[in-house]
Amino acid sequence: MTYVQGFLLPVKTARKADYKEIAEKSWVLFKEYGALSCCEAWGTAVPDGKVTSFPMAVKKEDDETVVFSWIVWPDQKTADACMATMESDPRWEEVMPNANEIMGMKRMIFGGFEPLVSY
């Protein structure tokens with residue numbers, strides 16, 4: 001069964017085009033390392049909550065937008081192997097040389113999931 005990695009992060013609203021470029025370049029590497037598909041979703045209707053919410057989860061600032069992303073892998077082993085390359089493959093740094101200026105990397109939430117139902 002497939003494996004899904006999900007990501008939630010704040011991105012500087014004015015840097016949307018820069019984030020899109022990083023996402024497109026990252027996809028080339030994710031695909032090379034075995035990813036089946038990827039979706040980068042720019043928040044357009046992401047309300048603030050009273051108890052919890054996506055904006056609260058990433059401590060979104062006024063000049064930021066919440067991005068929800070996921071990558072589908074054939075299995076967890078393939079996903080884990082790809083993530084391990086982020087420390088050893090210099091192409092990741094080439095793809096994201098100024099990522100911290102564009103997105104709140106320290107406030108990113110991520111996790112891996114086994115699908116229960118998929119259509």
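Two exercises on a predicted model follow, each with a worked solution.

Residues are numbered from 1 along each chain as its sequence is written. In this predicted model, local features need pLDDT of at least 70, side-chain atom pairs count only at pLDDT 80 or more, totals for chains, interfaces and linings use all residues, and side-chain values use heavy atoms, with hydrogens and water left out.

**Exercise 1.** Determine whether Gln-5 is buried or exposed, and which side chain it joins in a polar contact.

*Solution.*
Step 1. Gln-5 lies in strand β1, residues 3-12 (a strand is a DSSP run of E, at least two residues, numbered from the N terminus).
Step 2. Its relative accessible area is 9%, so Gln-5 is buried (under 20%, with a 1.4 Å probe and protein chains only).
Step 3. The side chains of Gln-5 and Trp-73 are joined by a polar contact of 2.8 Å (a pair of N or O atoms within 3.5 Å, one able to donate a hydrogen and the other to accept it; residues adjacent in sequence count only if both atoms are side-chain atoms).

**Exercise 2.** Identify the residues in contact with Gln-5, leaving aside its neighbours within four places in sequence.

*Solution.*
Step 1. Apply the criterion for contact: heavy atoms within 4.5 Å.
Step 2. Among the residues that meet it are Ser-69, Trp-70, Ile-71 and Trp-73.
Step 3. Ala-79, Met-83, Gly-111 and Gly-112 are also in contact with Gln-5.
Step 4. For location, β3 spans 64-73, α3 76-84 and β4 109-113 (helices are DSSP runs of H or I, at least four residues); these elements, like β1, each give two or more residues to the lining of the largest pocket.

Technical notes:
Buried means under 20% relative accessible area, exposed over 50%, partly exposed in between (1.4 Å probe, protein chains only).
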